[in-house]
Amino acid sequence: MVECRITSHDPPIPTVARRFDARRVYTVLVLAPLLYGAIRYFPPFAFTGLVLAVGSIALLEFYRLGLVPPGERPYVGAGLLGFAALLFAPHHGEFLVPTLLAAVIGILSLPLILRSPLDHVLRNSAATLLGILYLGVTLSFVVRTRLLEHGEWLVFFLLLVTWAGDTGAYYAGTVWGRHRLAPRISPKKSVEGLVGGLLAAVMAAYLARWWFLPALSMIDCAVLAVLLTAAGLWGDLAESAMKRSVGAKDSGGVLPGHGGMLDRLDSLLFAAPTFFYYVTLMTRSETLA
């Protein structure tokens, strides 16, 4: 536990450890307008389909990380089906818990139907269910946010602030990062990067308030910037810990400069529930109407 602390015994991050990757910028320039159009103009059901497509790529990457020994694999088809069911459950009222219960029972029942080797059952079932919980439950809160009044703007706020925090942390850490934040889990993350990410998130929150969501108060913007930065960092570190446990650097390479889809979504997975509950519990409903 001592090695997790930021002390003088931790060597500073080499200034050449991280370099600017122009591919990150090009990927954003291509995808950002497409994503904006989908959020702004897709009806909720079609938007859920988009989340399903993106999340399915991330789920497949998760299942390919090496969660089980060679020769074994999660029940991928059942995992994708359970994932889709969780995303569409909010369209039919509060069906999240029954859908999750059905997914758990269904996955645990598969070995009885498929006659899987008994020494594979626990690992494969556990890996399959973890993927459904990790991605299905968390991304369902993006869908639930879209279903709120003016949900398209709320989703845009969530993504803008979360990814501004990510981007600010990356570039601030690249330029000024010297003090390691979590050396055991993610050696390249720095305290300076965290500060830069927080400042970028605050600026993005106030820009969003001025641009399209003036009903949010100044205090709400500041609190949400802090919460989404913290939740996003926690989600990033959680994914990094899982990848490090199986010796993986990136979850994939589908997004040039960003790694895999799971690498791009890791911050959002923890930020989305945080944002949803803040908006629904801590702000008055009429404020956002």
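The structure is a predicted model, in which local features need a pLDDT of at least 70 and side-chain atom pairs count only at pLDDT 80 or more, whereas totals for chains, interfaces and linings use all residues. Residues are numbered from 1 along each chain as its sequence is written, and side-chain values use heavy atoms, with hydrogens and water left out.

The predictor's confidence in each residue is expressed as pLDDT, from 0 to 100; the chain averages 86, and 86% of the residues score at least 70. Over residues 1-8 the pLDDT is below 50, and this stretch has 10 contacts in the model beyond near neighbours in sequence, a contact being heavy atoms within 4.5 Å.

The structure holds 14 aromatic pairs, defined for rings of Phe, Tyr and Trp (its six-membered ring) whose centres lie within 6.5 Å, with planes under 30 degrees apart counted as stacked, over 60 as edge-to-face and the rest as tilted. Among them, F62 and Y134 form a tilted pair, at 5.6 Å centre to centre and with 50° between the planes. Because F62 lies in helix α2 (residues 44-63) and Y134 in helix α5 (residues 118-146), this pair ties together parts that are 72 residues apart in sequence; helices are DSSP runs (H or I, at least four residues) numbered from the N terminus. Both partners are buried, F62 with a relative accessible area of 0% and Y134 with one of 8%. The pair of Y170 and Y171 is edge-to-face, because the ring centres are 4.8 Å apart and the planes stand at 85°; Y170 is buried, with a relative accessible area of 11%. Ring pairs also link Y36, W153, F156, W211 and F212 into a cluster.

Helix α2 packs against helix α3 (residues 76-88) at an angle of about 150°, with the axes 10 Å apart, where axes are lines fitted to C-alpha atoms over the stretch in contact and angles run from 0 to 180 degrees between N-to-C directions. The residues that make this contact include F45, L52 and L59 of α2 and L80, F83 and L87 of α3.

H150, in the loop between α5 and α6 (151-176), has a phi near 55°, a positive value in a residue other than glycine. The relative accessible area of H150 is 34%, which means that this residue is partly exposed.

Terms used: Helix = DSSP H or I, 4+ residues; strand = E, 2+ residues; numbered from the N terminus. Buried < 20%, exposed > 50% of the residue type's maximum accessible area, 1.4 Å probe, protein only.
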